[in-house]
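Biologist: I would like to learn how to read helix packing and nonpolar cores from a set of coordinates. Could we go through one case together, a feature at a time?

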Amino acid sequence: MPEHNRYRRPTLIALVLASGALLGCERDETTRSAVHLAGQQFAATAAGDPSAFGDQTRETYEEIIRAMQPLAGDADGFAEASAVTLAQARLGLATQAALEAARAETNGMQRARVIRGALSEYLTLAAIAEAASRFDPDADMSDLDRLIDARRADARVYERQKSEMEAQIAELEERIAGLRSRAQEERAKAGTLSLQMAGVSATRAAELAAEVREHTLRADNHELEAIRIEGRVGQLRPTAAEIALNSQKARSQTDQLVQSQRELQARARAAQQDAAEARAAAAETRTRIANLARELAEHRDQTVGPIFDRVHSTLSQSQSALRDARTVTQSSAAVTRAMIHETAGSTWARRAAGHREAAKLYESLHDAGIPGQHQQNARSERQAAEEASRQANEAYRSAAEALRATRARGEAADRIRDAAARLDRLAGIEPEPVPEDQDAWADPDDLGAMDELEALSPEAMSEMTMGEFAAMLPEPVRDMIMQQFEAQMEMLTSIDDPDLLRMMLDELDQQAQMLPAEYAPAFDFVRRRVQDRIDEIESGG
């Protein structure tokens with residue numbers, strides 16, 4: 001299924017930074033600048049192709065990690081935002097490693113195709129050796145006679161079809177030439193009549209114009225008919241070429257079959273020598289296959305496996321970075337955690353597919369008698385495939401559970417519910433239907449306050465006092481948000497440039513689109529205060 005092979009780059013950093021901007025203003029300017037810079041770096045990385053700029057993208061993620069590690073924690077909103085940013089950067093590194101693993105797995109698949117081609121060659125040579133050792137020309141000569149007769153009959157049919165097709169094309173080309181000639185004659189007549197129009201009366205000129213149009217229309221009709229027939233000829237030519245090719249192939253195959261008869265007669269005297277040569281070639285091919293199979297096993301053990309292990313190790317580090325994001329960035333952390341698990345699921349799914357293909361190849365090598373521990377390798381690969389599939393399903397289930405831990409409402413909740421259902425399907429789970437009137441992603445304890453906030457008009461929100469607004473905020477984040485709002489309001493009064501304030505509004509609008517539901521009223525409150533400050537400045541206040 002396509003979802004198994006998708007790798008995601010971090011895309012939620014704007015949401016993390018938006019939450020941090022609300023909740024972390026107590027930090028110094030250096031901290032705020034570091035997180036802001038990380039957001040810019042993520043944006044630049046998201047705009048590019050990770051496979052085209054792998055080294056540069058990796059360096060960007062590593063730079064973000066170095067910057068965020070000292071800042072991550074659970075001390076305040078910025079510390080939690082830094083923790084989620086750190087997790088996102090490590091997820092980005094894991095995604096880069098996943099792409100590298102995919103390329104290594106693809107290289108392994110290419111090696112497997114080479115081995116399969118060599119195996120087919122070996123089986124053919126072995127069959128030839130067996131046949132040569134039991135060589136009896138009589139039955140083969142009779143078979144060749146029948147094949148020669150059949151190919152000669154085919155050649156005669158193709159020659160007849162070719163002649164008929166060429167005659168049909170020649171007839172159509174003759175019609176095309178006649179039509180173009182008549183079209184030229186009609187245009188010549190139209191041209192002659194047009195020249196006569198200059199020295200005649202208006203009535204006669206009108207008559208001549210009508211005749212010109214008639215001749216021109218005839219010429220156009222002839223041209224259109226010629227074009228139509230040319231299209232028909234264009235359709236016939238590929239068929240004619242195919243028939244000619246088939247005829248040539250039939251003659252060539254007949255010649256080859258006749259030559260085979262001569263060779264068969266000669267080989268009747270040297271069958272044992274031919275059998276020996278075929279056996280030698282088969283033995284050489286078998287040795288080559290054994291070497292290729294050994295190199296494939298080394299590639300899977302020493303290259304593919306370690307890269308996949310690095311992906312999962314980096315994902316584990318990314319997961320660990322989220323342990324501090326438990327309060328104000330909880331929703332962002334939940335979505336990030338879902339992305340980590342989904343990336344793990346995609347990686348395990350690809351790994352499982354690689355193990356299954358390797359198992360099939362090793363089983364084919366064992367069945368063909370190629371020397372090596374192919375039966376043991378096939379068994380190991382089958383077991384690894386089952387374990388990888390189990391890990392993939394578990395990761396997809398964890399991703400779905402992480403999404404369901406995200407607090408969202410309305411349209412966002414629907415999107416999250418759909419995404420969780422998709423992950424359940426990837427994990428082999430058929431999701432249970434959710435009642436239409438139930439919003440499973442909203443916190444029932446907070447709905448009253450949040451509904452009351454969302455019901456406020458912009459004018460009412462503008463007139464609301466800090467105390468009134470604080471009373472409507474969810475209890476877990478009330479003190480922290482209000483502490484930072486007071487600092488932001490003081491900062492607003494010091495800004496006298498309306499253009500700068502409008503830029504702030506634009507940034508708020510962009511960030512608000514990615515916010516969890518519980519922060520939307522807070523953004524609306526800040527936005528209204530910024531707009532009030534703009535109005536105050538422009539009114540001369």
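Biologist: Is Leu-257 buried or exposed?

Modeller: Keep in mind throughout that this is a predicted model. Leu-257 has a relative accessible area of 15%, and because the cut-off for buried is under 20%, Leu-257 counts as buried.

Biologist: Which residues does Leu-257 touch, leaving out those up to four places away in sequence?

Modeller: Leu-257, which is placed in helix α6, touches Leu-144, Leu-147, Ile-148 and Arg-151. Of the pair Leu-257 and Leu-144, the C-alpha atoms are 6.5 Å apart in space, although the two residues are 113 apart in sequence.

Biologist: How is the packing of α5 and α6 to be described?

Modeller: Two packed helices are described by the angle between their axes and by the distance between those axes. Here α5 (residues 137–196) and α6 (residues 202–267) pack at an angle of about 165°, with axes 6 Å apart, which means that α5 is roughly antiparallel to α6. The crossing of α5 past α6 is left-handed, and the contact between α5 and α6 has 30 nonpolar, 15 polar and 23 charged residues.

Biologist: How many residues does the largest nonpolar core have?

Modeller: In soluble globular proteins, nonpolar side chains tend to be buried together. The largest nonpolar core in this model has 44 residues, and Leu-315 is among those with the most contacts inside it; the helix that gives the most to this core is α4, with eleven residues. Neighbours within four places in sequence aside, Leu-315 is in contact with Leu-91, Ala-94, Ile-340, Thr-343 and Ala-344. A second, separate core has 19 residues, including Leu-125 and Ala-282.

Technical notes. Residues are numbered from 1 along each chain as its sequence is written. This is a predicted model: local features need pLDDT of at least 70, side-chain atom pairs count only at pLDDT 80 or more; totals for chains, interfaces and linings use all residues. Side-chain values use heavy atoms; hydrogens and water are left out. Axes are lines fitted to C-alpha atoms, for helices over the stretch in contact, and angles run from 0 to 180 degrees between N-to-C directions. Helices (H or I, at least four residues) and strands (E, at least two) are DSSP runs, numbered from the N terminus. Angles under 35 degrees count as roughly parallel, over 145 as roughly antiparallel, 65 to 115 as roughly perpendicular and the rest as oblique. A crossing is left-handed if the near helix is turned anticlockwise from the far one by less than a right angle, and right-handed if clockwise. Ala, Val, Leu, Ile, Met, Phe, Trp, Tyr, Cys and Pro count as nonpolar, Asp, Glu, Lys and Arg as charged, and the others, Gly among them, as polar. Buried means under 20% relative accessible area, exposed over 50%, partly exposed in between (1.4 Å probe, protein chains only). Contact means heavy atoms within 4.5 Å. A nonpolar core is a set of buried Ala, Val, Leu, Ile, Met, Phe, Trp, Tyr and Cys residues joined through side-chain atoms within 4.5 Å.
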